[in-house]
Amino acid sequence: MKVFITRKLIGNAEKLLLAKGFHVKVFNEDRTITREEFLSEAKDSDALISLLTEKIDKDIIDNLANCKIIANCAVGYNNIDVEYAKKKNIVVTNTPEILTDATADLTVALILACARRLHEGELMIRSNQFTGWKPQMLLGLEMKNKTIGIIGAGRIGFAVAKRLKAFDTKIIYFDKIKNQMLEKQLKARKVSLNLLLKKADFISVHLSLSGVTHHILNGTNLNLLKPTAVIVNTSRGEVIHEPVLINLLKQKKIFAAGLDVYEGEPNINPDLLSLENVFLLPHIGSATVETRSAMAELCAKNVIRVLSGRKALTPVL
Ligand code: GLV
């Protein structure tokens, strides 16, 4: 059985697969595989371990004659046409739970970075502009007694809320369904999206990308944000209509934004680069040694199970 991995991963994934006697091929270049390379490498594979950077659409799936499983090394799987894969009897798996804490930690780091203007402070030092302590230099926002708005109250949303509750904050959230744990443990209140945007001081977005959530934050509702609001996105860039956010930041209609994800990633809208009130990260929510190793291993375990005729551990449908 052949397993194709679209990029070198850390941890024991390869070892686990080799120990089962699979033939493992890894795309070993330090760049995203092109569509053509992917097609030619993957076409006779029995299993794929893919990344969120590979678009696996109908055409690609039609060319995967032997494939039984696509193990996506990410919690999000909007890069894969899952419905079509299912029709073709290909199991799609993701890596939920194991990346929740790493992503929540990074989200809190982004929120604090925005609130306390860390990026401007660092820049001041690096450009030799720090001439001494000043009473009014780089004044930021405090967390205590503020309202946190969690958009998308799944595992990561909950983990972020739990961390931020420790700052003596109040939690409100928007989701399709009630999150009992958030309400019971953190006394969070479910509200409409518009009310959340109006009331929250710090907004954190944790939505998976779908037809419904694409541009769910847009020109109509982002105008509801407070002038002191901070909005942070560590989910998918496309849930926010980015040009609208950029205009709000340009006109200083909100305090700041923190982004780990972008529309059209890895291309970054050049307007973002010149703004002081935005903190930018290169999609590193799950990027810790522990988490990335666990993600790769979970992919390998899913592959092993499916290729040996068992149920995947974390199928997406
Ligand atoms: C990262 O964005 C992931 O979906 O795992």
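Colleague: Counting a residue or strand's neighbour as near a molecule if one of its heavy atoms lies within 4 Å of it, which residues are around the ligand?

Modeller: Leu52, Ala74, Val75, Gly76, Leu99, Arg236 and His283. This is a predicted model, in which local features need pLDDT of at least 70, side-chain atom pairs count only at pLDDT 80 or more, and totals for chains, interfaces and linings use all residues. Residues are numbered from 1 along each chain as its sequence is written, and side-chain values use heavy atoms, with hydrogens and water left out.

Colleague: What does arginine 236 do with its side chain there?

Modeller: One of its polar side-chain atoms lies 2.7 Å from an oxygen atom of the ligand. For histidine 283, a side-chain N or O atom is 2.6 Å from a ligand oxygen.

Colleague: And which part of valine 75 lies 2.7 Å from a ligand oxygen, backbone or side chain?

Modeller: Backbone: an N or O atom of valine 75.

Colleague: Switching to the loops. Where is the cis peptide bond?

Modeller: Between glutamate 265 and proline 266, with omega about 10°. Proline 266 sits in the loop between strand E11 (256-259) and helix H11 (270-273); helices (H or I, at least four residues) and strands (E, at least two) are DSSP runs, numbered from the N terminus.

Colleague: What about the phi of asparagine 128?

Modeller: Positive, near 60°, in a residue other than glycine. Most residues other than glycine have a negative phi, and most peptide bonds are trans. Asparagine 128 is in the loop between helix H6 (118-126) and strand E6 (147-151).

Notes:
A residue is near a molecule or strand if one of its heavy atoms lies within 4 Å of it. A polar contact is a pair of N or O atoms within 3.5 Å; within protein, one must be able to donate a hydrogen and the other to accept it, and residues adjacent in sequence count only if both atoms are side-chain atoms.
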